Amino acid sequence: MLVFIVRRLGTMILTMVVVSILLFLLLEINSASVAIKVLGPYTSEEQRNLWLEAHGYFRPIHIRYFDWLGNFIVGNFGDSIRFKVPVGEILWPRLANTGILGLAAMAVVIPLSLTLGVLAGMREGSKLDRVISVGSIVTTSIPEFASAVLLSAIFVYYLDLLPGTSSMSDGFSPVQLILPAMVLILYDFGYVTRMTRASMAEVMTTHYVRTAVLKGLPYRAVIMRHALRNALIAPFTVIMLQINWLLSGVIVVEFAFAYKGFGALLLEASLNQDLYMIEACAMVAVFVAVITQMVADIGYTYLNPRIRFA
Amino acid sequence: MAEQVLSIPPRESPVWRMFKSLALIRESVVGMVGLALIVFWVLVAVFANVLAPFPPNATIMPMAMPGTVGPDGSVFWLGTDHIGRDILSRIIYGSRRVLIFAPVATFCAYALGTPMGLAAGYRRGMTDDVLSFIANIILSFPVLVLYVIIIATVGASAINILVAVTFASAPGIFRIVRGLALDLRNREYVYAAETRGESPWRIMLVEILPNARGPLIVDACLRLGYVIITIGVLGFLGLGLPPPDPDWGGMINETRALATSFPHMTIYPVIAISSLVLGFNLLADGLREVSLRD
């Protein structure tokens, strides 16, 4: 097990390094454009060269990369061009906001989709199964930006129940969290439900479940004691990987509701060419994605005794 | 005992067999609903210039509610947007853009991902390790983060969006094809082909790929739906194709600030894009259902 974890950790670090190289090359290989982004388009050639010289941009690219990487690891991301303060000061609070939103969404998605998935998979092909399956396809087919607009139209325009934006400008307010979380839930629960259903349906056809049924055990006991335990291994992985999707989803949702979170920050940074902010945001996003992927892998191996890790 | 006549039915062409297996979709209600939605939008796109009551970019009468009668007596069935363009005509013309872009982008992604997946799954070893590592790195990016960074850096144009979608979808296709090839490479017909001395690429493309088509067709439908969402999202975030030509995601973005007073401007494009995605997702579900049956 230990060897397996160490190996996964190694892969993770290697992935992060390669991603950082790609990102660095994409954004910083052309130092002239870096100077334009940092100093603005209305600067003279001379000013730009002075700035580049002062910040070591005339050194060879690999030295610049290692320098950049070293700063990155200790959390020194540079200054945001747009906000004129260190990137971290903006980034961490924004990330915390997104964490709250993500947790709120997951807190509903996980129990909801596991319950629906198990109910649907328990009796494959039943009426309940068809309703849940088709329902989950329909909700996953409505893109997040579309359901954001639809739900605002319903709850803000027609019913006048919820606020239309979630900027939290007067401090944290849970009411403003409802719509963004609802959009994420609506889009994400379908996929987890379908995966849970498939896993449950597969377990229901196994010999040990049939044995339990034929032994005359009550149906409840068969489900609770025999089927569920194995059926929930696969959804665990799916839920962990769902965090990767959630990171994409928050960009749309936060933009739609003006929520001051990480996704909106990344989008604004990209649109404004806020170079160091883009780099930091992208690295954080990939870091979160890779970590959850690793936890998913290790957890899956740990939960499933049939897998031999080498 | 009657003499048994060994008769081998004439071999049907592969294209015909594939068509026949796809035609099984008529047994699935869900699949047929999906197919109907897709066919509907394809027809709309093909006959856009006949169906659309107004030119898509003409500014006629701003902020008209659905059903308003226009200056020349014709009706704005779905109303007009903030600068007076007929929403129905824009949705109709917008279907063209989506239905050209999404299949082309998906096809490019398959054209890139499939050969790599075949090579990795069939040859294994170094080829597999290197390709899998590259795929895993791209897949470790949350997709939209990747799009936003790429498009914001290189700029939004048709070709850039196409390249970004291809680049981001190919690794997923690679993984699926690789998995299928790993499984199929141990079949007897592959050994037979190897014994015949056929070249590796012929084995991959002629022996393995056609036998992997089932899951790939289902995946392609799901992926098409997802690419449509992606193109819509990019339009919604303001990173999509440049105006003024109608783009469903862009239409929603342009008018969503007015959605609280004029919800019709956003709701109809929302219905359009959701129904098309739903069509592909339902078709995929139906295809999976009928392919599991036989």
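## Polar contacts and salt bridges between the chains

Three residue pairs in polar contact, both residues at pLDDT 80 or more, are found across the interface of chain B and chain A in this predicted model. A polar contact is a pair of N or O atoms within 3.5 Å; within protein, one atom must be able to donate a hydrogen and the other to accept it, and residues adjacent in sequence count only if both atoms are side-chain atoms.

The rule also finds two salt bridges across the interface of chain B and chain A, a salt bridge being a side-chain nitrogen of Lys or Arg within 4 Å of a carboxyl oxygen of Asp or Glu. Arg130(A) forms a salt bridge with Glu289(B), with 3.6 Å between the closest N and O atoms.

## The chain B side of the interface

The elements of chain B that give two or more residues to the side touching chain A are α5 (125–139), α6 (143–154), α10 (213–236), α11 (248–255) and α12 (264–293). Helices (H or I, at least four residues) are DSSP runs, numbered from the N terminus. The largest share of this side, 11 residues, comes from α12(B). By class, the side of chain B that touches chain A has 27 nonpolar, 10 polar and four charged residues. Here Ala, Val, Leu, Ile, Met, Phe, Trp, Tyr, Cys and Pro count as nonpolar, Asp, Glu, Lys and Arg as charged, and the others, Gly among them, as polar.

## Extent of the interface

In chain B, 41 residues are in contact (heavy atoms within 4.5 Å) with 46 residues of chain A. About 3,800 Å² is buried between chain B and chain A, and carbon and sulfur atoms give 76% of this area. Buried area is the accessible area (1.4 Å probe) that two parts lose on being put together, summed over both.

Over all chains, the search finds 10 aromatic pairs. Rings of Phe, Tyr and Trp (its six-membered ring) pair if their centres lie within 6.5 Å; planes under 30 degrees apart count as stacked, over 60 as edge-to-face and the rest as tilted.

Tyr65(A) and Trp68(A) form a tilted pair, 5.9 Å centre to centre with 35° between the planes. The two residues are three apart in helix α4 (residues 61–73) of chain A, so about one helical turn separates Tyr65(A) and Trp68(A). Trp68(A) and Phe72(A) also form a tilted pair, at 4.8 Å and 50°. Ring pairs link Phe24(A), Tyr65(A), Phe66(A), Trp68(A) and Phe72(A) into a cluster.

## Basis of the values

Residues are numbered from 1 along each chain as its sequence is written, and chains are lettered from A in the order in which they are written. Local features need pLDDT of at least 70 and side-chain atom pairs count only at pLDDT 80 or more, while totals for chains, interfaces and linings use all residues; side-chain values use heavy atoms, with hydrogens and water left out.
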